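Please look over the sequence and the model shown here. The briefing that follows describes its helices, their packing and a few individual residues.

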Amino acid sequence: MKKLLLPFMLFALVFAAACSNNGETNTSNENATNSGETEETTTSETDVKSALLDFQMNLISTVNKNDSPIYAFESAKVAEEKPSDEELAKMKSEAEDAAMQVAEDVRGVEVPAELETYQSDIETALEDLAKSYETRAANLSDEAEAAYEESDAQFASFEEKMGTIYKDAGLTAPSFAADLVD
């Protein structure tokens, strides 16, 4: 008797699950038919979120590809064993070039078609990011604890604008500062 009870219970469970899935499928089909665009909207929202996250990774990669000399220069200024003045001057020149290259690369980043709704906002944010690097290049200081207020304000504007886009798309606003610093 116990041997028959287990298969019978398993069969009943599978039958009940199949019946409930069938009911959900019919309800889903009716809802999709009634609304006409429910599934398409969900797919579109998923595509936008996915495209936005891919865009973020691409942007981070684009910036990090050339920004190392900037952070090497900043680190060298505060190192216990500072490089010679000539080495520091060379590092500063490399940092300026790198910042200008990053600005150029950022301006070359293309906004994916899935983000067409946000294209203008993204381009405005990217321009703030590019200007941030240009301002940094123009104002690199030999001072150990130099403040780059204008550059930092432009970067904060970029992050704020991108954060708004992420929130509007139903995502958490990222911290680009954490990802863009080597």
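The buried residues of helix 5 are Ile-122, Ala-125, Leu-126, Asp-128, Leu-129, Ala-130, Ser-132, Tyr-133, Thr-135, Arg-136 and Ala-137, where buried means under 20% relative accessible area, exposed over 50% and partly exposed in between, with a 1.4 Å probe and protein chains only. This is a predicted model, in which local features need pLDDT of at least 70 and side-chain atom pairs count only at pLDDT 80 or more, while totals for chains, interfaces and linings use all residues. Residues are numbered from 1 along each chain as its sequence is written, and side-chain values use heavy atoms, with hydrogens and water left out.

**Overall make-up**

- The secondary structure of the chain comes to 7 helices and 0 strands, these being DSSP runs numbered from the N terminus, with H or I over at least four residues for helices and E over at least two for strands.
- Along the sequence, the pattern reads α-α-α-α-α-α-α.
- Of the 182 residues in the chain, 32% count as buried.
- Among contacts in the chain with a separation of 6 or more, 71% come from residues 24 or more positions apart, a contact being heavy atoms within 4.5 Å.

**Spans of helices 5 and 6**

- The 20 residues of helix 5 should span 28 Å at 1.5 Å a residue, and its end C-alpha atoms are 28 Å apart, which agrees; the expected span is 1.5 Å times one less than the number of residues.
- Helix 6 (residues 149-168) also has 20 residues, and the 28 Å from its first C-alpha to its last is close to the 28 Å expected at 1.5 Å a residue.
- Within helix 6, the residues Ser-151, Gln-154, Phe-155, Phe-158, Met-162, Gly-163, Ile-165 and Tyr-166 are buried, and just after this helix Gly-170 takes a positive phi of about 90 degrees.

**Packing of helix 4 against helix 5**

- Helix 4 (residues 85-107) and helix 5 (residues 119-138) pack at an angle of about 170 degrees, with their axes 8 Å apart; axes are lines fitted to C-alpha atoms, for helices over the stretch in contact, and angles run from 0 to 180 degrees between N-to-C directions.
- That angle makes helix 4 roughly antiparallel to helix 5, the term applying to angles over 145 degrees.
- From helix 4, Glu-96, Ala-99, Met-100, Val-102, Ala-103, Val-106 and Arg-107 meet Leu-126, Glu-127, Leu-129, Ala-130, Lys-131, Tyr-133, Glu-134 and Ala-137 of helix 5.
- By class, this contact of helix 4 with helix 5 has 10 nonpolar, no polar and 5 charged residues, with Ala, Val, Leu, Ile, Met, Phe, Trp, Tyr, Cys and Pro counted as nonpolar, Asp, Glu, Lys and Arg as charged, and the others, Gly among them, as polar.

**Individual buried residues**

- Asp-128, found in helix 5, is buried with a relative accessible area of 12%, and, not counting residues up to four places away in sequence, Asp-128 touches Gln-154, Ser-157, Phe-158 and Lys-161.
- Val-48 lies in helix 2 (residues 38-64) and is buried, with a relative accessible area of 14%.
- The C-alpha atoms of Val-48 and Glu-114 are separated by 5.6 Å, although these residues are 66 residues apart along the chain; leaving aside neighbours within four places in sequence, Val-48 is in contact with Glu-114, Leu-115, Tyr-118 and Ala-169.
- Lys-77 lies in helix 3 (residues 68-78) and counts as buried at 2% relative accessibility.
- Leaving aside neighbours within four places in sequence, Lys-77 is in contact with Lys-82, Leu-88, Ser-141, Asp-142, Glu-143, Ala-144, Ala-146 and Tyr-148.

Methods:
Parallel < 35°, antiparallel > 145°, perpendicular 65-115°, else oblique.
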